[in-house]
Amino acid sequence: MEDHINIKKGKSANRPAAPTQEELVRSHKKDTMISLGVFFVVTIASFFFNELASDPMLNIAMLYTLGVFIITRYTSGYIYGLMFAVFSVLSVNFFFTYPYQDFNFSLEGYQVTFLGMFIIGILTSTMSSNMKEQSRKLLEQEKALAEQEKALMEAEKEKMRANLLRAVSHDLRTPLTGIIGNSSTYLEMEHRLSNGEKRALMEYINNDANWLLNMVENLLSVTRIDNDTASVSKSLEPVDEVVAAAVIQFKKRFPEAEVHVTVPESEPDDVMMVMMDAMLIQQVILNILQNAQLHSGSTKPLELTIDEDEDNVMVSIRDYGVGIDGDRINDIFNGAGFKKGESYTDGYKGMGIGLSICKTIIMAHNGQISARNCEEGAEFSFSLPKEIEE
Amino acid sequence: MYQKLSVLIIEDEKSISDFISKTLSSNDYRIVTAANGKDGMALITSSLPDLVLLDLGLPDMDGVEIIKKTRKWSSMPIIVISARTQEKEKVIALDAGADDYITKPFGTNELLARIRTAIRHNNKIVSDGTNSNRPYSAGKLVIDFEKRRVILDGKEIHLTRVEYKIVSLLAKNSGKVMTYDTLIDQVWGPYADDNNRILRVNMANIRRKIEANPGEPEYIFTELGVGYRMLEDEGLAGGY
């Protein structure tokens, strides 16, 4: 939270750069030109009406009022509108009321007209400049809000990155320690070890190395996500093919594991295709399957179900194991599979990286991912939006 | 005299090269190794191996260049070694003429199986005509190329013309991966749309017809981002 406030402050400091003296002069020059131009045009037009119309006063008053509107609309502040109102009253008096070409404020009834025009002029100019001010403020507020949102997203991304890094360094060190320890035991004590012991050491090394590989592949897969836009290059892929590929990959690592796949019945030629990066979605399915295999503590077959509704395709993976810890379930996708100070009770094979990468991948696909406890075991599901191919 | 099959390993990482050498020599192959592309190229022409294992990331040249140069004069099987996440690289290598690829890291069994498949296919090309129309059979699936019939578990499966074309192509190249582009070229011709959607849709329909559960295929496997691979023909797997 601290971060994002700082980011916001930093941004707002250099936002509305104060106009320089030069810019001010230029903008005043422009506004003066506009005002003079409008005044000129309106006066000419008034002469025209004065000659033609039978009751010119009404038209002329309207013309000058229109002039006030135009000027307030296209100049900054309300000073120009006000000036124009004053000048219009004067010029009407001077040009279009008896005595022509002279000022006379004593004419009967005209004081009211002049006063009315003056007030209309002042009101419109102040009102419209108020409105302009307000809409400018609104725009600014919107901008600030968008910026705040961006900063929040930035902070979220940063948090995920930090969590990932923390989990990675932890998760890398542990299997490496195992590999180094076991292999040096073998090298140093080769003659004193029985064949069974040697084999056990090798098995540990093999296991740890596989675990490392799995993690490196997960991390590599994240590099396929565009850093700036958090998007992936998608193409239309049949969902069942991707699921099948993931299951085969999974069985390569756990030959004894069983997965039951359920695909919804559908018409021929109606193939469930979704825009995605197939390698990444395969990684997501693989991670969830491995997670279930390693942490559910059950050897019952896993169930993978594909389903769809109007807008989404859903994949859920169900295990029949111990379920997810109540206080972990909300944080399970945030790379915070373990808390500070808490030691790994189930060895280093924490859920940290795999599931947080699942979330990153699914978010980049504009999908949803969730985990919940069932009566027996847990269920992880994700959905991908059905998009039209670009 | 019994002649050992020779394999040339072109790989710059010594530990990987050593591990492959040990595995293969203990399985009765004769091994030649090269640690860079230049030596590899020279050994391909001078020692004429029965098969080449080629790592794509060589220090001195792009492995794809070696494939292209070799394909100008030889059909010797080339298996590419590549990392899992680089599916584009695999497609380029396969389209350049590589026979197959194996994904790092791989187990011994997988490596040996790929090598056997590639050598067998090469023999088949050489002795083409004698057995090219021999039916495909694996598991409960039989494909009779002469009568254009697909039989699963004793029952005939009805495929559309295009579906049969795809299945027979995969079956004739069973055990090997076929890229999307190769399949599209051979089924719809070289002027077909680049979009592989039509292939994927046909494939989904084929799977529904011949796989008991499309989510757990037994016969046709997807190599994501690359293409399809059909279960190795058991008739072929029997021997050389």
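In helix 7 (residues 239-253) of chain A, Val242(A), Val243(A), Ala245(A), Ala246(A), Gln249(A) and Phe250(A) meet Ala278(A), Ile281(A), Gln282(A), Ile285(A), Leu286(A), Leu289(A) and Gln290(A) of helix 8 of chain A; contact here means C-beta atoms, placed from the backbone, within 7 Å. By type, the residues of this contact are 10 nonpolar, 3 polar and no charged, where Ala, Val, Leu, Ile, Met, Phe, Trp, Tyr, Cys and Pro count as nonpolar, Asp, Glu, Lys and Arg as charged, and the others, Gly among them, as polar. The model is predicted: local features need pLDDT of at least 70, side-chain atom pairs count only at pLDDT 80 or more, and totals for chains, interfaces and linings use all residues. Residues are numbered from 1 along each chain as its sequence is written, while chains are lettered from A and ligands numbered from 1 in the order in which they are written.

**Helix packing in chain A**

- Helix 7 and helix 8 of chain A pack at an angle of about 50°, with their axes 9 Å apart; axes are lines fitted to C-alpha atoms, for helices over the stretch in contact, and angles run from 0 to 180 degrees between N-to-C directions.
- Helix 7 of chain A passes helix 8 of chain A in a right-handed crossing (left-handed if the near helix is turned anticlockwise from the far one by less than a right angle, right-handed if clockwise).
- Helix 2 (residues 21-52) and helix 3 (residues 56-74) of chain A pack at about 165°, their axes 10 Å apart, which makes them roughly antiparallel.
- The crossing of helix 2 and helix 3 of chain A is also right-handed.
- Residues of helix 2 of chain A in this contact include Ile34(A), Val38(A), Phe39(A) and Phe49(A), and those of helix 3 of chain A include Ile60(A), Leu63(A), Ile70(A) and Tyr74(A).
- The contact of helix 2 with helix 3 of chain A divides into 13 nonpolar, 5 polar and no charged residues.

**Nonpolar cores**

- The largest nonpolar core has 99 residues, and Val243(A), Leu289(A) and Leu54(B) have the most contacts inside it.
- Such a core is a set of buried Ala, Val, Leu, Ile, Met, Phe, Trp, Tyr and Cys residues joined through C-beta atoms within 7 Å.
- Helix 8 (residues 278-295) of chain A gives this core its largest share, 10 residues; helices (H or I, at least four residues) and strands (E, at least two) are DSSP runs, numbered from the N terminus.
- Not counting residues up to four places away in sequence, Val243(A) touches Val261(A), Ile285(A), Leu304(A), Ile306(A), Val315(A) and Gly215(B).
- A second, separate core of 12 residues includes Val42(A), Ala61(A), Ile71(A) and Phe84(A).

- Met279(A), in helix 8 of chain A, is buried because 22 other C-beta atoms lie within 10 Å (buried is 20 or more, exposed 12 or fewer, partly exposed in between, with C-beta atoms placed from the backbone).
- C-alpha to C-alpha, Met279(A) and Arg224(A) are 9.4 Å apart in space, though 55 residues apart in sequence.
- Most residues other than glycine have a negative phi.
- Asn366(A), which is not a glycine, has a positive phi of about 60°; this residue lies in the loop between helix 9 (352-364) and strand 6 (368-373) of chain A and counts as partly exposed, with 14 C-beta neighbours inside 10 Å.
- Arg148(B) also has a positive phi, about 55°; Arg148(B) lies in the loop between strand 7 (141-144) and strand 8 (149-152) of chain B and is exposed, with 12 other C-beta atoms within 10 Å.

**Chain B and its interface with chain A**

- Chain B has 9 helices and 12 strands, and 36% of its 240 residues count as buried.
- The contact between the chains takes 18 residues from chain B and 25 from chain A.
- On the side of chain B that touches chain A, helix 8 (197-210) and strand 11 (220-223) of chain B are the elements that give two or more residues, and helix 8 of chain B gives the most, with 5 residues.
- That side of chain B divides into 7 nonpolar, 6 polar and 5 charged residues.

Conventions. Two residues are in contact if their C-beta atoms, placed from the backbone, lie within 7 Å. Angles under 35 degrees count as roughly parallel, over 145 as roughly antiparallel, 65 to 115 as roughly perpendicular and the rest as oblique.
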